[in-house]
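Dear colleague,

Please find the structure below, handed over for your records. My notes on what was found in it follow directly after.

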Amino acid sequence: MTLPNAELIYPKIRASHRYWSPVVHRLTPYVPGEQPKISQLVKLNTNENPYGPSPQVLDAIQAELSDALRLYPDPNAERLKQAIADYYGVTPAQVFVGNGSDEVLAHIFQALLQHPAPLLFPDITYSFYPVYCGLYGIECIAIPLAEDFSLRVADYLRPNGGIIFPNPNAPTGCLLPLADIEWLLARNPDAVIVIDEAYIDFGGETAIVLVNRYPNLLVTQTLSKSRSLAGLRVGLAVGHPELIEALERVKNSFNSYPLDRLAIAGAVAAFADREHFEHTRQAVIASRMELIGALQKLGFETLPSAANFIFTRHPQRNGAELAAALREHRVIVRHFRQSRIDQFLRITVGNPAQNAALITTLGQILAEC
Ligand SMILES: Cc1ncc(COP(=O)(O)O)c(C=O)c1O
């Protein structure tokens with residue numbers, strides 16, 4: 001017997017979405033950068049690392065591929081928390097880990113940023129923040145960045161239930177000095193300040209050095225960028241043990257095992273191989289400088305970047321059209337249809353061959369019309 005098509009049986013239900021929880025109707029989900037299935041692309045749209053992970057990471061994952069996969073992983077990922085604590089000179093009780101920093105951030109929004117007073121973040125920032133606000137019903141206020149896209153900490157001195165921003169910021173790449181972060185921490189003792197350091201290893205100094213002095217500071221990081229492990233999904237937060245306890249309470253009410261055995265083994269190895277980390281991060285930083293120089297020769301204006309991407313515009317050319325033209329030539333970059341930044345392209349720093357392909361293609365496009 002062939003089963004009738006579900007759409008024939010349930011047409012009205014599908015149309016009305018009447019089984020959805022009320023919150024689902026209100027959600028505006030995050031749209032991640034495209035992961036195209038086409039081969040031979042110059043893929044510079046999601047800030048992945050152009051270099052592979054440490055060979056020690058691959059060995060550690062291989063070694064973990066055994067009969068032991070029938071067993072659950074350590075729900076507390078103690079080995080990994082210890083490795084991170086040793087790396088940053090904190091205690092394991094100050095460390096939280098999760099399935100990518102997006103998951104860590106989601107728990108932070110629910111555990112620490114859901115208050116009657118509004119959450120503050122910049123008007124131009126990581127577009128997942130307003131999505132979490134929608135999911136958890138958190139009121140938020142977007143604080144405009146300055147004209148030059150720098151973040152003025154004095155603008156955040158207003159009643160709030162928390163403050164969050166990336167440092168360096170995304171998608172601008174601009175870095176806020178640690179002294180400014182400390183200035184704000186000292187003046188905002190009644191709410192948590194989250195510094196999202198997804199890109200810190202490409203040119204900034206981590207605020208983790210401040211966590212023992214400021215119980216209201218929580219720093220998040222990811223292994224997706226500077227440690228080339230976007231596919232493994234590992235993120236972390238470092239802060240006062242009481243902030244971490246709040247995150248553990250939410251995590252253990254959601255998923256006890258966010259990191260699988262392979263992720264824990266690979267992440268531990270990633271922190272152990274400092275040489276690979278240093279080598280690849282310096283290569284990206286050097287390429288970033290070359291890329292900014294080459295773009296300048298083509299007439300582009302690029303914001304100062306401390307990240308593994310740059311934010312650039314051409315004074316005579318439309319941003320959306322440039323992104324579309326690059327795409328036709330199989331070069332993918334990110335363009336945001338958002339006011340203030342719709343003339344910019346966010347371009348991930350690639351390896352020298354990818355960067356050369358980008359520059360050659362842009363040169364052709366600019367010469368064509
Ligand atoms: C500012 C910022 N924070 C967090 C993330 C999430 O990283 P992941 O979930 O891969 O750890 C990203 C990813 O692009 C990001 O740009």
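I begin with a loop that deserves a look: proline 171 is found between S5 and H8, where helices (H or I, at least four residues) and strands (E, at least two) are DSSP runs, numbered from the N terminus. This is a predicted model, in which local features need pLDDT of at least 70 and side-chain atom pairs count only at pLDDT 80 or more, while totals for chains, interfaces and linings use all residues. Residues are numbered from 1 along each chain as its sequence is written, and side-chain values use heavy atoms, with hydrogens and water left out.

Backbone features

The peptide bond that joins alanine 170 to proline 171 is cis, with omega at about 10 degrees. Another cis peptide bond joins asparagine 167 and proline 168, and its omega is about -5 degrees. Proline 168 also lies in the loop between strand S5 (162–166) and helix H8 (178–187). Asparagine 47 has a phi near 55 degrees, a positive value in a residue other than glycine. This asparagine belongs to the loop between strand S1 (42–43) and helix H4 (55–64). For context, most residues other than glycine have a negative phi, and most peptide bonds are trans.

The ligand and its shell

There are 13 residues around the ligand, and Ser101, Asp196, Tyr199, Thr222 and Ser224 come nearest; a residue is near a molecule or strand if one of its heavy atoms lies within 4 Å of it. By class, this shell has five nonpolar, four polar and four charged residues. Here Ala, Val, Leu, Ile, Met, Phe, Trp, Tyr, Cys and Pro count as nonpolar, Asp, Glu, Lys and Arg as charged, and the others, Gly among them, as polar. Helix H6 (residues 100–112) gives the most to the shell, with three residues.

Which N or O atoms of serine 101, aspartate 102 and tyrosine 199 lie by oxygen atoms of the ligand? A polar backbone atom of serine 101 is 2.7 Å from a ligand oxygen. For aspartate 102, a backbone N or O atom lies 3.0 Å from an oxygen atom of the ligand. In tyrosine 199, an N or O atom of the side chain is 2.7 Å from a ligand oxygen. Taken alone, the ligand exposes 390 Å², and the protein buries 91% of that; accessible areas come from the Shrake-Rupley method with a 1.4 Å probe, and for residues only the protein chains shown count as cover.

Pockets

The space taken by the ligand is the largest pocket. On a 1 Å grid over the protein atoms alone, a pocket is an open set of points with protein on both sides within 12 Å along at least five of seven lines, a cavity is a set of points where a 1.4 Å probe fits but cannot get out, and lining residues have an atom within 4 Å of a point. A molecule sits in a cavity or pocket if more than half of its atoms lie within 2 Å of its grid points.

About 540 Å³ of space lies in the largest pocket; a volume is the space filled by probe spheres set on the grid points, which are joined across faces, edges and corners. Its lining comprises 29 residues, of which Tyr30, Thr46, Asp102, Tyr126 and Lys225 are the closest to its centre. H6 supplies the largest share of this lining, four residues. The lining has 11 nonpolar, 11 polar and seven charged residues.

The second largest pocket holds about 300 Å³ of space. Its 15 lining residues include Ala323, Arg327, Val333, Arg334 and His335, which lie nearest its centre. Helix H12 (319–328) and strand S11 (331–332) each supply at least two residues of that lining, and the largest share, four residues, comes from H12.

Cavities

A search of the whole structure finds two cavities of 30 Å³ or more. The largest cavity contains about 60 Å³ of space, and the residues that line it include Asp74, Lys81, Glu248 and Lys251. Strand S2 (95–98) and helix H9 (241–251) are the elements that give two or more residues to its lining. The second largest cavity has a volume of about 40 Å³. Ser54, Arg227, Asp273 and His276 are among the residues that line the second largest cavity, and by class its lining has three nonpolar, three polar and two charged residues.

With kind regards

Conventions. A polar contact is a pair of N or O atoms within 3.5 Å; within protein, one must be able to donate a hydrogen and the other to accept it, and residues adjacent in sequence count only if both atoms are side-chain atoms.
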